[in-house]
Amino acid sequence: MKENLQFQLTKFFISSFYKKPKQQIQQVVLIIAIIYVLFQLTVINFLVYYFMDSQLLIFYNLAFSILLVYILTCYLSTTQAFAFSEFKMLASLPLSYRKISTAKVVSSLFVPIFLTMILQLPTIGFLLIDFKFIEALKLIIFLPVLIGLIAMFLLFVLSCIHRFYAKFKSRVSYLLLNVVTMLLIPIIFIAYFVIESGLLNHTYKDGFINAAKYILIQLFETASLMPWIDSIVEFFVSNKVSLHLILVYVVLIITTLLLSYFTIENISVNYFKNALLENNKSQWKGSRVYISKNKWSNYLQREIWVIQSEAYFKMQVLLGVLLAPIISAILLTLLHFDALPDFLNVTKDETFDIYFSYLVLFFCCMNNVSGTPYSREGKYHYLLKCTPLDSNLVYFSKVIISSTMGIIALLLSFLLFAIFGFWEVEHLLLFMIISGLIICYNLLTPVYDMRNPLTEWENPSVAAKSNTNVLISLIYGLPILLIIAAIHFGLIWLNVQSLLATVIVLLMVVITIVLLLNRLKKVLI
Amino acid sequence: MIHLLNISNLKKSYSEKQVLKGVNLNVKKGEILGFVGANGAGKTTTLNIITGMLDYESGVVEINGLNQTAGLDYKKQYFFIPDTVNVFKNVSGLDWIHFLMNLYEIEENNKLEEYVQVFQMQESIDKPIGTYSYGMLHKMSLIAAFTINPPIIIMDEPLNGLDPNAVVVFKDLIKSYVDQGGTVIFSTHLLDIAEKICTTVAILKGGKIILHDEIKNITGSKSLESIFMEA
């Protein structure tokens, strides 16, 4: 029997977007990551179930699922729904743009919904232990519709921007607007909830568990005060099936379908025009070239070409530089206005500067630029093998680029730190420690990617985001940061004088860099 | 004479550079047209415009009396094989061809199996396309094209990457396809092969067709290569 055309096409998109990693180590890392998430989720579910009740467990689970599906949809949207990698393959075929757009949208929903439903296992388990069979059944049947609605809502908003893709002066500005939109929606929603629930006015002095319990109860009660959210929450937490609940369910389905319809319309209406623009060779602008006799400047120039080769890479570099200062600005503003709960307010602690420095370090390293520098070369990667490029210089120029990005982000964050009145001369040493750790991290993270680059990609986000080398690079880079941070906090905990502890850690960082450089030189040769 | 493909005064620019400066080209049913030109002459641009992969500023492009406003009916008039065949990597060649047959509303038939054997793709046709070599991708596309059997097959450098055996098969199949009422347009740099296969040749230079005639009229005493060099 002939398969439905739309179904066939959607299947092709799914199989091409969500392929299993080729190498065994990547598969193992992925499995470990999934098991780890499941385990952690089970522990949290158990804590919520043990310290609270099943209603709050379902509410917590709903909030978690919505957040997860939102993050996953954000993560995958630029790679799939709003990319044009299929254009050259399908444009000449007798296939309507609406059918192509439908397949893209449906396939974009597949993984977020599937993965979120897999992660329901611990919650369903706890509900069954509690004999809450109806609630468990409702979760299985109705949650896909709710999270589908959330994912569709985000795709709809992004599709409205995508519809006017041709109006953007550059692809970087288009991608940046997407990222800002993705961030603003949850920030506005969470801020509204936090303000409405009065969480900021409460003093949290009864420890972490009680504070978490209080926050969850307040959020649950606030949700109950908003009629439309209350209807949805009630739908999941009650053990009854009434006409009202069925009506809510039907409304959810109709809204999801309407959003899908308009999203598909938004993508397909300018599909040809936008795809042409994306594939337009004449848009290429010449890059300034600084060829000199200095080897380093030529190798660094080459790295800049790799970044400039895709708008997506340029945007990532920009985000990588801005992420840490933005987070620092938010944190410092919250602290300045005393808006953080007591248990999160670390300014009262004498070691706030150390907490702040390591927080900035974490955000400086959180971009996946340093973990995939070879994969990003894509179809140009062969040049590394067939031209007389010095592998040492290539490697270190990659490290220099990612370290420079990190250090600029660190400098901006410390500038904010100073503006908010926290600066002392001793912090220069902390700045040096974190800069050193950024260099250590960037020295280690490209090692795996250097040996196993993922160069066969059409869409640049595949090289940067959907690349399992990102995960593996963390295994290479994070341990050393964690060990040094642990030693630093350990010294403070042992009441070693703050300045002395900082000097000791700085020495350790310098020694680590020297050792790493020596070791890497041998490995690279 | 009714032309199957009719292009008149086709113009196209990239930024400020005009690539096509009024291309006129007519192809009759049963022709094998070799589209010849230097690198950057605009061959691929013309083929991309015909196949709906590129827009154009002005002119007329019609196949079987239909223009691109006819949408899918227009696209069902041809099958296009680009110079770089780009297909979902995880899908098998067989699944992809079945999908294309579904798209062109072609019923299951034994032609597919026949062409798979002729192109010696029995062992790889059900493997993921990501595992195919450049030549195998072209073979797969040729199998799809001949199985679908559309009014026109349009190809951009179809002989690139084909092994000698496949080139022979390609020539035979093209001739048999045309004998059954098909029409072929293909761009190529290989002038000697174009001379042997084509019934008609069009030379594109400076954004215009400077020569378009039957091969027997063009190559009386000279080879196509020397005509091309003189043009």
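Which residue, with a positive phi, follows α6(A)? That residue is Phe131(A), whose phi is near 60°.

## Basis of the description

This is a predicted model, in which local features need pLDDT of at least 70 and side-chain atom pairs count only at pLDDT 80 or more, while totals for chains, interfaces and linings use all residues. Residues are numbered from 1 along each chain as its sequence is written, chains are lettered from A and ligands numbered from 1 in the order in which they are written, and side-chain values use heavy atoms, with hydrogens and water left out.

## Chain A: overall form

Chain A has 22 helices and zero strands. Helices (H or I, at least four residues) and strands (E, at least two) are DSSP runs, numbered from the N terminus. The domain assignment divides chain A into domain 1 (5–279) and domain 2 (295–524); such bounds come from an automatic or database domain assignment. The C-alpha centres of these two domains of chain A lie 30 Å apart.

Taken along the principal axes, the C-alpha atoms of chain A fill a box of roughly 75 × 65 × 40 Å. Of the 525 residues of chain A, 48% count as buried. Buried means under 20% relative accessible area, exposed over 50%, and partly exposed in between (1.4 Å probe, protein chains only). Among contacts (heavy atoms within 4.5 Å) in chain A between residues at least 6 apart in sequence, 80% join residues at least 24 apart.

The buried residues of α6(A) are Pro122(A), Thr123(A), Ile124(A), Phe126(A) and Leu127(A). Phe131(A) is located in the loop between α6 (121–129) and α7 (133–163) of chain A. With a relative accessible area of 65%, Phe131(A) is exposed. Most residues other than glycine have a negative phi; Phe131(A), which is not glycine, has a positive value.

## Chain B: overall form

Chain B has nine helices and nine strands. The C-alpha trace of chain B spans about 45 × 40 × 35 Å along its principal axes. For 231 residues, a compact globule would have a radius of gyration near 17 Å, and the 17 Å of chain B agrees. Buried residues make up 53% of the 231 residues in chain B. Of the contacts in chain B with a separation of 6 or more, 67% come from residues 24 or more positions apart.

Two packed helices are described by the angle between their axes and the distance between the axes. Helix α4 (residues 111–118) and helix α5 (residues 134–148) of chain B pack at an angle of about 145°, with their axes 9 Å apart. Axes are lines fitted to C-alpha atoms, for helices over the stretch in contact, and angles run from 0 to 180 degrees between N-to-C directions. On the side of α4(B), Lys111(B), Leu112(B), Tyr115(B) and Val116(B) meet Ile143(B), Phe146(B) and Thr147(B) of α5(B).

Asn149(B) lies in the loop between α5 and β6 (152–156) of chain B. Asn149(B) is not a glycine, yet has a positive phi of about 55°. Its relative accessible area is 32%, and Asn149(B) is therefore partly exposed.

Definitions and conventions:
The radius of gyration is taken over C-alpha atoms; the globule rule is 2.2 Å times the number of residues to the power 0.38.
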